Amino acid sequence: MMRVAATGSPVRFADVAAPANDLLLDGLQRAAFGYFVHAVNPANGLVADTSRQDSPASIAVTGFALASYPAAVERGWMTRAEAVTRSLAALRFFHGSDQSGSSQATGYRGFYYHFLDLRTGARVWRSELSTIDTALLIAGALAASIYFNANTPAEIELRELVDVLYRRIDWRWAQGGEATIRQGWKPECGFLHYGWEGYSEAIVLYALALGSPTHPLEGDGYDAWTATYQWENLYGHDVLYAGPLFVHQFSHAWIDLRGLRDRFMREKHCDYFENSRRATYVQREYAQRNPLEFAGYDENCWGLTAGDGPSDEMPEVTHERRLFGYTARGVPYGPDDGTLSCSGVLASLPFAPEIVLPAARNMIARYPEMLDGQQCASGFNPTLAGPGTRAWVSRGHYGLDQGIVVMMIENYRTQLIWRLMRDCTFVTSGLRRAGFRGGWLQSHGRDGS
Amino acid sequence: MTKGQDMQPSSWQNPRPGDRYDLAVVGAGPAGLSAATAAAARGVRVALIERNLPGGTCLNIGCVPSKAIIRTSRLYAEMHDAERYGAQVPAGIGVDFPAVMERMRRIRARTVRPVSFHRLTAAGVDVLPGEARFTGIDTLNVDGTKLRFEKAIIATGSRPEMPSIPGLVDADYLTNENVFDLTELPRRLLVVGGGPLGCELAQAFCRLGARTIIVQHFPLFLPKEERDAAQILSAAFARDGIEVRLNTRPVNVHTEDGQKRVDLISDDYQSTVIVDRILAGVGRLPNVEGMDLETAGVVYDPVHGIRVDDFLRTSNTRIYAAGDACLEHKFTHSADAAARIVVQNALFRGRQRLSGLVIPWCTYTDPEIAHVGLYVRHANEQNLPVKTFTIPMHDVTRAIADSEEVGFVKIHVKEGTDHILGATIVARHAGEMINEITLAMVAGIGLRTLSRVIHTYPTQAEAIKKAADACSRTRSKPTTRRFQWRWRAG
């Protein structure tokens, strides 16, 4: 079935209205959203990184939650008042949080530490002040600020808090004197060695950093980043290469990149949405080849991405090959230990529903043990199943997996989050400064109207 | 006869220096030897001055000895991994380290034989053992003997670059200059530095049984190589059992009872490892000191070496340089190629340029990592649109048959053409495979033409043919491409 997007462009969005698919997707999306209902600390709005006991909060997961509340309101899973209350709790917390940058603070220069104590909001695990995770948090906050547009005291406060939080982020400082944005900073050692090199999930980070009216990125940081891209012909597909699926999904959860092209994509006669579609096909190609001969891999069973998997250090796991635990798995060069992610597959739904839906159905049918009340486990590994036993399944659930499923199914079904972010002037301004043209951006007023 | 006796026998008598040489070559490493013999073969009167043994770093203390050890270590790795090949793991695999080193020394002796002093003399070269010092723009002093030259080449090579780590000097550390003198396998080895030689030796010693830790200051090994290549190497190291510490640097060494306690720091994490030996100094610094280059008007830098122009001419127009003493790429084959340019330019009015060389290189880990030409990031910096044709080795029949599927062939072409800009190969035999790409680049052969070259089947080089086939399939006119490309199918 063909749908028409808000811009009037034809979009191949398969048979979403087919009752069977809609029922399936509704069940999976609602179950994924259920994570945010249960994993939140209502006092401060922070959301736990995982459902495991004593899990800290993750700022990125909190960002996914903020962007998911509007979808839940639209679908009647949560009242608007409840969503505003939860959002406000988080925003008030971040607004009033310790920004001293000390080892026990919550943030510094508008950025936040990756993992926070769920109760107090103080830094835990000596985690880094994370640029990408702050971007995912603030993107969620911006989505909420566009959606909650009523002239009520609560929603006005919500919008004002988001504006303050966004404007105080010092993106220029995060360059650390380099051309590209640094990945992180710690009070104990300063900026981490890692910069952003090669294609990654950082488009949303750069769009937010370039759109800032207060502390925008300096110089040609975006061009410096895209200069590290590799355009490859792999398995017969011309693709901007990156191994794990999440790289091709995270920025797309917020930004509708259909038809938008920066300088790199104009040269390649492609766009990032089309690129993610091809990357999805590359994953399937890899699984069909299955060079490491893992169990289960085929054209309808794939999905290598960042997530939890078995580890060499788990006493219950005995396996001859190396196992990688929580890591970013990717194709075609790995790491690959036979662990797949159904949520990773579902998050590619907007790009290639014609192969995602059959794969998701097949994986659920073959490995029902990786679904817990329709919530996808972070990873499952059929190779570690003994004769007649079930696949190894990651314990509990991870917030990032649930968040990306909620948002990408929503974008597939109604494009809600994409439409919200189109009205975010910071994002449209940032995209333009990065050199993006075309698509909805072309017909969108420069003031975001 | 020992190696040293063969190259400079005790009966050796220095030739009586002539009043004036057409060419004086300082240093008898790969560049110096190549220049001296090439010039002598064309009737030029040549003096070759060497303070140590002829052969230089590569033959004596560099790539040749390391390759001999790598080969043995690979055999041990395959024995341990025999089941992967459908074979049984031999019972009681034990490493005879002295035998490994003895084989290496035997091979080293064989490979240096062609450059003994007698052979050089027979080739028409006056060999002068000793220290060379410039005394003017066209004069040299060799241990008290004055020498006048028409043209000179400085080919003094390089030496290990020592990291300045407190306590390292007292730790009886190893470098590429003395690691091949080991008679006993270190039980625990720390390798400092993840450049080519550090990576090669870390893997080799690990496979020979040393518990090996490698620390690298950067987030990846081989920082100049492609990210995918470096990541594959990290994974290979982990499979071998090497303890990989990226983003880490040693900050202090304390020696006690023969054991070395090394303090490491990685961002804000501090740790200590205890090892028996430390291999450091696997980077290289040019040998430019002690020659009174200032007297000859030759400009140099202690880190980057002698400053040369694209014709390899120094700031003194009579004096040229070649090899590690002046080149960024410190390889035997690039030294040899540079020496040939220098002979032509210095003596025969040539105008050959260093920038015209197509220099491949290879890191001989398992898998090997080979490269030629531009990297994509460099092409992007030059605003050269690049497309890469990638063939994973698991798509190559022979690699599958050999159970050698780790790696890839990536060939970079200028977008919209088949003009090859560069290539990276990660494969068991990448060093052999890269030569086909190098040949194509030197001869100006496009990638599509390689598609027409019949490759023997099955070989791992079929990966190159497959990349060429993929390039051929993308050949289409822009208008056709517009129709072919559909952003979103309706």
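**Exercise 1.** In this predicted model, where is the place of Pro367(B), and which residue does a cis peptide bond join to Pro367(B)?

*Solution.* Step 1: Find β19 (361–363) and β20 (368–373) of chain B; Pro367(B) sits in the loop between them. Step 2: Go to the peptide bond that joins Asp366(B) and Pro367(B), which is cis, with omega at about 5°. Step 3: Look for a cis bond in chain A. One joins Gly334(A) and Pro335(A), with omega about 0°. Pro335(A) also has its place in a loop, between β13 (327–328) and α11 (342–346) of chain A.

**Exercise 2.** Consider Asp143(B) and Arg109(A). What is phi in Asp143(B), and what is phi in Arg109(A)?

*Solution.* Step 1: For Asp143(B), phi is positive, about 45°, although the residue is not a glycine. Step 2: For Arg109(A), phi is near 55°, again a positive value in a residue other than glycine. Step 3: Locate them. Asp143(B) is in the loop between β5 (139–142) and β6 (145–154) of chain B, and Arg109(A) is in the loop between β4 (107–108) and β5 (111–113) of chain A. Asp143(B) has a relative accessible area of 54% and is exposed; Arg109(A), with 35%, is partly exposed.

**Exercise 3.** At what angle do helix α3 and helix α5 of chain A pack, and how far apart are their axes?

*Solution.* Step 1: Two packed helices are described by the angle between their axes and the distance between the axes. Step 2: For α3 (residues 80–96) and α5 (residues 153–167) of chain A, the angle is about 35° and the axes are 10 Å apart. Step 3: The crossing is left-handed. Step 4: List contact residues: α3(A) contributes, among others, Leu88(A) and Leu91(A), and α5(A) contributes residues including Leu158(A) and Leu161(A). Step 5: By class, the contact has 10 nonpolar, two polar and four charged residues.

Technical notes. Residues are numbered from 1 along each chain as its sequence is written. Chains are lettered from A and ligands numbered from 1 in the order in which they are written. This is a predicted model: local features need pLDDT of at least 70, side-chain atom pairs count only at pLDDT 80 or more; totals for chains, interfaces and linings use all residues. Side-chain values use heavy atoms; hydrogens and water are left out. Axes are lines fitted to C-alpha atoms, for helices over the stretch in contact, and angles run from 0 to 180 degrees between N-to-C directions. Helices (H or I, at least four residues) and strands (E, at least two) are DSSP runs, numbered from the N terminus. A crossing is left-handed if the near helix is turned anticlockwise from the far one by less than a right angle, and right-handed if clockwise. Contact means heavy atoms within 4.5 Å. Ala, Val, Leu, Ile, Met, Phe, Trp, Tyr, Cys and Pro count as nonpolar, Asp, Glu, Lys and Arg as charged, and the others, Gly among them, as polar. Buried means under 20% relative accessible area, exposed over 50%, partly exposed in between (1.4 Å probe, protein chains only).
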